[in-house]
Amino acid sequence: MSKKMIGLLLIAVMISLTIVGVVKNNIEKNESLETLSVGTDVDFLATEEGLAPGEVAPDFELTTLSGETVKLSDYKGKKVILNFWATWCPPCIAEMPLMQNYYENAQEENVEILAVNLTTEDRGIHKVEEFVKSNNLTFPIPMDLKGDIGSTYQAVTIPTSYMIDTQGRVQKKHIGPMDEKVMIDYIANMD
């Protein structure tokens with residue numbers, strides 16, 4: 001064999017060994033992560049505010065369409081569906097009547113819906129008022145007039161909803177519209 005061929009063969013062997021080492025390392029890392037999570041119940045002990053499951057949902061204070069002041073922390077002790085929406089959003093338009101049906105049927109379930117209108121992204125308060133009236137919505141509609149709360153909750157794609165438990169902790173984030181069955185399932189699986 002020529003020296004050139006031997007050199008190329010050595011380079012190919014070194015590359016192969018490097019690839020095998022990287023793959024083996026990734027497999028070992030994945031296996032160790034799997035053994036940590038299989039069969040382990042973990043209670044979230046987070047105390048910091050945040051949006052990850054188990055973290056305390058960031059508190060806010062907004063004024064509703066009807067002029068009432070609401071704070072998320074005032075709903076501690078209740079399960080909360082925190083929804084972000086706008087009147088121009090077709091999935092939001094489809095979801096809102098379903099949320100109203102769920103809300104009417106869940107009065108005994110210790111659940112509140114806060115449907116935060118992303119007012120800075122919407123077509124004006126008069127459009128929100130028309131929408132709420134035409135859909136007979138009775139749950140609170142807080143108005144995010146500055147866009148701060150939508151930003152805090154990373155409501156980039158709407159509708160976006162957070163399921164918040166009775167301790168004020170985020171349990172789940174849902175992007176896109178929900179039907180009543182999805183809402184029932186989320187709420188049934190929370191404290």
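Reply: Leaving out residues up to four places away in sequence, S161 touches I81, L82, N83, E95, K172, K173, H174 and M178. The model in which these contacts are found is a predicted one. S161 lies in strand β6. With a relative accessible area of 0%, S161 counts as buried, because that class takes in values under 20%. Among the neighbours of S161, N83 has a further link: the side chains of S161 and N83 are joined by a polar contact of 2.8 Å.

T160 also has its place in strand β6. The relative accessible area of T160 is 1%, so this residue is buried. Not counting residues up to four places away in sequence, T160 touches L82, N83, F84, A155, K173, H174 and I175. One of these, I175, is 15 residues from T160 along the chain, yet the C-alpha atoms of T160 and I175 are separated by 4.5 Å.

From T160 the view may pass to F84. Apart from its neighbours within four places in sequence, F84 is in contact with V116, L118, I149, G150, Y153, A155, I158, P159, T160 and Y162. F84 also belongs to the largest nonpolar core, which has 46 residues. The residues with the most contacts inside this core are F60, I81, L82, F84, F139, I141 and Y153. At least two residues of the core come from each of β3 (79-85), α2 (90-105), β4 (111-117), α3 (125-134), β6 (160-164) and α5 (180-188).

Side chains of opposite charge can pair when their charged atoms come close. D185 forms a salt bridge with K181, and their closest N and O atoms are 2.8 Å apart. The two residues are separated by about one helical turn, because D185 and K181 stand four residues apart in helix α5. D185 has 34% relative accessibility and so counts as partly exposed, while K181, with a relative accessible area of 56%, is exposed. A search of the whole structure finds one salt bridge.

Finally, the whole chain may be considered. The protein chain has five helices and seven strands, and their pattern along the sequence is α-β-β-β-α-β-α-β-α-β-β-α. Of its 191 residues, 38% count as buried. Among contacts in the chain with a separation of 6 or more, 69% join residues 24 or more positions apart. The chain exposes about 11600 Å², of which carbon and sulfur atoms supply 56%.

How values were computed
Residues are numbered from 1 along each chain as its sequence is written. This is a predicted model: local features need pLDDT of at least 70, side-chain atom pairs count only at pLDDT 80 or more; totals for chains, interfaces and linings use all residues. Side-chain values use heavy atoms; hydrogens and water are left out. A nonpolar core is a set of buried Ala, Val, Leu, Ile, Met, Phe, Trp, Tyr and Cys residues joined through side-chain atoms within 4.5 Å. Buried means under 20% relative accessible area, exposed over 50%, partly exposed in between (1.4 Å probe, protein chains only). Contact means heavy atoms within 4.5 Å. A salt bridge is a side-chain nitrogen of Lys or Arg within 4 Å of a carboxyl oxygen of Asp or Glu. Accessible areas come from the Shrake-Rupley method with a 1.4 Å probe; for residues, only the protein chains shown count as cover. A polar contact is a pair of N or O atoms within 3.5 Å; within protein, one must be able to donate a hydrogen and the other to accept it, and residues adjacent in sequence count only if both atoms are side-chain atoms.
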